[in-house]
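Here's a quick briefing to read alongside the model. Have the sequence and the 3D view open as you go.

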Amino acid sequence: MTTKATARSARRRRSRFALGLGIVAVPLVLALLGPLFTGDPGPRSASFTLGGGHWLGTDFVGRDVWRQVLHGGRTVVLTALAATALAYLVALPVGLVSALTHLRRLEDVLMRPLDVLLAVPSLLLILLVASVFAPGAAGLALLVALVNVPDAARIVRAAAGEVAARPAVEALRMQGETWWRIAVGYVGRSSLRTLAADAGIRLTGVLYLVSTAAFLGVGVAPDAADWAVMVDRNRTGLLVQPWAVVVPALLIVALTTGTNLLFDAALEKTPRTKGRRP
Amino acid sequence: MRNSTDPVAEIRDLRVEIDGRAIVDGVRLRVRPGKVTALVGASGSGKTTTGLALLGEYPPGATVTGEVLRAGDAPAGYVPQHPAAVLNPARRVSALLDDLARPQVRHLPRSERRGAARELVLRALADAQLPDGEVLLRRHPHQLSGGQQQRVVLAQALLLGARFVVADEPTTGQDALTKSRIVQQLAAVAARGIAVVLLSHDLDVVRALADEVLVMRDGRVVESGPVRRLWSAPRHEWTRRLLDERRPVPEGGTSPDAGPPVLEVRDLVAAHGRSTVLRVPRITLRAGECLAVVGRSGSGKTTLARCLAGLHRDHRGEILLDGTALPRSLRHRDRARLAAVQYVFQDARAAFDEHRAMLGQVARTAVRLRGVDEHTAVREASAMLGRLGLAGDLAHRLPGELSGGELQRAALARALLARPRILVCDEITSGLDTVTRRALLDLLAGLLGERDDLSLVLVTHDLDTARLADRIAVLDAGDLVEQGPAQQVLTAPRHPFTVSLLEATAHLSSGNRSRAGT
Amino acid sequence: MYDERFSGLRRRGFLAATTGAAALTLVGCGGDTDSADGKNGGGTPKRGGRLRAAFAGGGASETLDPHLANLFADVARAKALYDKLADYGADLSAQPRLAAKWEPDKTLDRWQVTLRKATFHDGRPVTAKDVLYSYRRIADPEQTFRAKASLEPIDLDASRATGDRAIEFVLKRPTAEFPNILAAFGAYIVPDGARDFDSKPVGSGPFRFVSFTPGRSAVLRRYDDYWEGAPHLDELEFVVANEESARVNALLGGQVEYAHELNPTTARAHEGRGQIEIVRLRNSAMQAFCMKTDRAPFDDKRVREAFFLIADRKELVDGALSGAGVIGNDLFGKGYEYYADDLPQRAQDLDRARALLKKAGAEKLKVTLDTSAVAAGFTEAASIFRDQAAKAGVTIDVKMGSKDSYWSDILDNGTLCCYRSGAMPIEAHISQRLLTESTTNATKWRHKDFDALYQQAQSTRDTTERAAVYARMQRRLYAEGGFLVWGFADWILGTARNVKGVRTAAPANTLDWARFDKVWLA
Amino acid sequence: MNAGVRVRTGGLRSFVARRLLLGAAQTVAVVLLVFALTEALPGDAAVALAGDQPDPARIAAIREAMDLDRPAYERLADWAAGLTHGDFGTSLASGRPVSGYIADGFGPSLLLASLTLALLVPLGFGLGVLAARHEGRLVDRLVSGVTLAVYAVPEFALGVLLVTVLALKLAWLPPTAVGYGTDLLAHPAALVLPVLVLLSRPVCSLSRLVRAGMVDALASPYAAHARRYGVPGARVRYAHALPNALAPAAQQLARTVDWLLCGVIVVEALFVIPGLGTVLLNAVAERDVPVVQGLAVVFGVLTVVLNLGADVVAYRLTPRAGVAA
């Protein structure tokens, strides 16, 4: 009975993994390969029309929506992925060092400035910094990453702190292991589950920030081919030509939902089954 | 009317299977009021599964056949090995007990329920020997001592009106004084007419408490009977072996008085935050010598061990290795000095990286501390593990796939691969069953005999284990109260604390329930 | 609380985007010269009812001080509460309002103005003293009211009241277009001594004050003794909604009856569907690229002409304005008085453009085009023009700037930028932007002979002769000016179906735009 | 043991004191950061005010009248000096006191935040508990999947969708709160859609946290112990397991409230609710430094207080390992 149950749950897990993969593949493939499959932009048509050789109609300035969809993923996906990766690039060393150090002062030096950042509402920060530096997509990624660093660092700090308190770390130190091997090879790796779960939800949050930044007109040109910008700029035509909003919005949803499903399935512990009397 | 000797619970031909493997097979058991029934066996022998079956609980995914009967709907109590685990950390003690008292006062008018419930709770606390109940009720579980936690759990069982209580390894890892207190408590419970089912590998406790004993091995009951009969005339070969393991630990050789000390501790004062937790004027250790550091939990013995290993930096005074001071933190100890003092942790499972195979982890010692190349290190590690009884396939497993005893051997192997001058073992046998513990101690004794340059610091709460040592240092509440040759400390203790510790041990092993703990 | 010292400093520019939240501040106005009522005007006016009008606003910093009016919402509120001496007609010529008539002397530097009989909401008559007080307040050197520059030609110290309702304005120089000054943006008449405008403002306009919450709403009530006849509406409420979609939704949901500033796409979505009425005020906001004529490469007029020829105006209007507008002919003020509509319409001619560039030695030209999200269509226009220029071998690098400081940034910096302008008389456009002394001369058009022509026009009493001078000036600008005017944007309003009497031929800033005293609910 | 308890309560007190000190430093740092950024913005209040009429002489005059020609640090010092006796300064754009701006914006923000919170707590906890009870089964997947999908939809898209369907197509609800600025409460129907949009994201994060906490708590030995002793299932879930899922949820709630109060710019713009986000957006566009500064103080203090509150809750609920016996 149990073996059967385990097999069933494993199968379910695999199928959900496949589902997540399938959902996330659509936006990813479109984003990464889409630009390769578009030719020259045709002549502009009237805005928000359906048909007329435009598969998904035209957008608010009369461009082909399908072409915009193919082009518009790269910035969103790359900005979001880069921002998430960048946030961890900073948060990981900061969190690990402050979890593993014995110097309170070092921990303070590392974590307190982040606490300050945490107290600035993220949209205010994005609004101000973006106005000062007028960043492009890369700048936006940097900025969104910056906003995410404090929180990510705290999570790394907490997860790593719990692992760092285990005797295994002391045992490794008794073995004369290097700091790197302890921090990355053991503490980092043991915190992986927590961090990956966090990364999934963080990616969603980052996408939210990126698309809200587009709504506020920060970081990307208002007529850029960008899913988030498309959703914002085309919403005036929602009643005339819904595809220009619905398709990019669905792609964003697919990206985040798929990613999270994938992470969930990959990280899931073997499910508990309750023992039963026959 | 119920006959006072009618069983309150009974197990008939219980068989519990997981993944086709029988964990418990054909167990029969009767639990009688006011009697203590002990299930004895090594870990993995099926005693916990049997005990929980009495409560109607089975491991996840288990297939169960056989019968578990309870007289009427007799409520059952449960006292686990770690009482903190079953006390909800987010709720106050009062809430934890109120939940159980409420249903019992439901027949009363609404206005009176509260008072009546309170009454019941306080009585149960008093019965569980927690007199200052009012104060206690306001606390959260983590604000209680381990003993108080255990008594609160007991109070829950009493409050429930439990007809029998299953106590799972209640004394494991406790020092003699605590043990005798627990024994006395369980005896008091039995004296109230409540049946006690004791699951334990601690034969002293079993002998002191039990009326009936069931000896289990691999899920089967190999022998059962009254405790006296079993002790005096064990019939089954396994019982004999089990009892045989109780023979005294090999005593340490005469201490080599000659030669300068390898390790010397001078005026050591260690602190945790602002409070001083340890004061040791002087301790020395010579080459080939084994020093036991004995004390109750919280006495500072682990802190002393950690100071030696460089894991506790917050201390003053000097620790000299071969006459030169060791840096306080192992961060500042060079390779040679790091290798010279090695440390084996109490919780072996937590001391390994759960993601990597054992062999690789053990081998790293040789790579890092002795500069051996990877290949040689693995070969050496394999040999060392083999010598300690972890040959072949076992060495390639992940830590999660090894038993407690096996992990502790691997931990020893990891430390020994550094070729240490001093090996600090912190409670490495607590939490292991008698048989495993014995094997490990034999191993240590063997090591001492083999290598004269190896000195051992054995931190333990168990005087029995301390017999292995040449010399014994006794710590109480952070103070070094007595030290001297093992023989002398064990037979002619000078300090009253040592005396009481010895007495408690003696009472336990004499098997006398009524006098225990007085 | 109220600090007089700051009173001149209220608001951002009229054209500045009202909020960062993708606000669309199409400026505009304008339109057809016919003054016939549009489709909304049918039927007999009915008295009564309350009309709610949604505008983009200025947030918590809003005020009812008419002299501080900057945004459309400010102006709409100001004209409901106050009057000017004159106001602009649909062709941006001055029409008498509180001034019954004006009469210049021979040299055009002394004007007699006679007021009509009108009373303030508190019953006092509108007198010459009130007019002089208002103008002196605006012109106060300590203050920075927007209309101050417009009133600059008047010598207020020398001007005086010659009767209760008669004023003699003394000017610093001959000014043929003096009535334009009376109609100037923000030149409202307030009662003598008025200082506090937020708690209980008193004006002579068609509606009187009821309540005001900055950034949220202003409630006004019919003024029965209005000199032009009482309004049809009982009550008028201005509400602030900065987000265009919010204004549309509020209109669709019946929460407001009038929504100002709608997107062309919104208009298309709802036009002719019977739910709401869409009103287009055509040919209004000038859309242009602005070339700095004093620096390379645009100091060469052949390069400027080449750029004129690069633009495909139709594509720009369709793309950047979503088709809501008409193409321009490199001149300001299509449909306004004095507009030179006899000049041939310029069309894209890439070959000639290339040839001109070659002659000017500017092949493979590289130019930076400054733009910003400050106004709808700017960034789109920039990217469309970049593509067009590429076909003529010109590389344009589009640079996005901050929208809050855009107008100040482009005034002196850069070489090429996006530009636009709301409705104003052509004379005002020239005096503010194209004279050597002009303060906002974004094309750096500085020519003594051009200045002289302007002076000549101002000294010319005869309208036909004056028109001829304006035509000469416009021909010059058409040939070699710095403004590449590619289009005029529609101004779009939405109204509930029962709203009648909304004029369709009234560019924003003109008399009939947002004129709620002529509106009624059917 | 008594000593242990004293240490703990003393610990809490010094913990709060330390945190307040840190919070003050945090707020100061936030204000400095915001000041520096606002100063670094292209253009200033004068340029912003001049708008499309950037007559240099006029800009200079405005600048002088606003005291913007004084060095930045002097203006900051003056402002800080005023702040010490409760004066937030006056707006550059209107000359009105900044405290008025904050008070005006705070009302709608607070109303929205409290309504959202009032719905969020039962909804987030309810869904979390529901999912945890059916862990791994369809209900769990459904709850997790739907909340996550909603979480991923940008607010403005969700807002537009809800308005289009519920307000415009079905005409069940008013599409905006335009004109209700001062008495939003009198028009509860207008608040439904904004609150729904605001709920969409926090519900997801909260229910996920509660679910995870509940799954752990329900599988814990103490929950098993309670069931063993016949405590009813509902009581085990809500009285025993839920409190243990509370600590992380409390921190998430604090961050949500912080977010709700400190600028839900998008929702405010879409539904015309003039809260603090709108005030902030306008102030930044107008380069109205005193208003931005005042808001930074408010936001900083709010963040510090809310986080402190959450930490105290967590401190109370989180078991500390091993109080030495």
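In chain B, the C-alpha centres of domain 1 and domain 2 sit 33 Å apart. Domain 1 of chain B covers 9-243 and domain 2 of chain B covers 263-509, with bounds taken from an automatic or database domain assignment. Keep in mind that this is a predicted model, where local features need pLDDT of at least 70, side-chain atom pairs count only at pLDDT 80 or more, and totals for chains, interfaces and linings use all residues. Residues are numbered from 1 along each chain as its sequence is written, while chains are lettered from A and ligands numbered from 1 in the order in which they are written.

**Where the chain B domains meet**

- The contact involves 17 residues of domain 1 of chain B and 18 residues of domain 2 of chain B; two residues are in contact if their C-beta atoms, placed from the backbone, lie within 7 Å.
- The largest share of that domain 1 side, 6 residues, belongs to α7(B).
- By class, the domain 1 side holds 8 nonpolar, 6 polar and 3 charged residues; Ala, Val, Leu, Ile, Met, Phe, Trp, Tyr, Cys and Pro count as nonpolar, Asp, Glu, Lys and Arg as charged, and the others, Gly among them, as polar.

**The nonpolar core**

- The largest nonpolar core runs to 522 residues, and B:Val196, B:Val457 and B:Leu458 have the most contacts inside it.
- Such a core is a set of buried Ala, Val, Leu, Ile, Met, Phe, Trp, Tyr and Cys residues joined through C-beta atoms within 7 Å.
- Leaving out residues up to four places away in sequence, B:Val457 touches residues including B:Leu285, B:Leu291, B:Ile422 and B:Cys425.

**Sheet and hairpin in chain C**

- Four strands of chain C make an open sheet in the order β5-β6-β8-β7, with antiparallel pairing; two strands pair if DSSP finds at least two bridges between them.
- β5 (99-104) and β7 (160-163) of chain C are at the edges with a single partner strand each, so one side of each has no neighbour in the sheet.
- Neighbouring strands in this sheet are turned by 25 degrees against each other on average, direction ignored; the axes are lines fitted to C-alpha atoms, and angles run from 0 to 180 degrees between N-to-C directions.
- β5(C) pairs with β6(C) (residues 110-115) in the antiparallel sense over 5 bridges, and C:Trp102 stands opposite C:Val113 in β6(C).
- β10 (207-213) and β11 (217-222) of chain C pair in the antiparallel sense over 6 bridges, with C:Thr213 opposite C:Ser217.
- Their hairpin has 3 residues between the strands, and C:Gly215 takes a positive phi near 80 degrees.

- Chain D has 13 helices and 0 strands, and its C-alpha trace spans about 85 × 60 × 30 Å along its principal axes.
- Of its 325 residues, 54% count as buried, meaning 20 or more other C-beta atoms, placed from the backbone, lie within 10 Å of the residue's own.
- The contact takes 51 residues from chain D and 53 residues from chain C.
- The largest share of the chain D side, 7 residues, comes from α3(D).
- That chain D side divides into 32 nonpolar, 12 polar and 7 charged residues.

Terms used:
Helix = DSSP H or I, 4+ residues; strand = E, 2+ residues; numbered from the N terminus. Buried ≥ 20, exposed ≤ 12 C-beta atoms within 10 Å, placed from the backbone.
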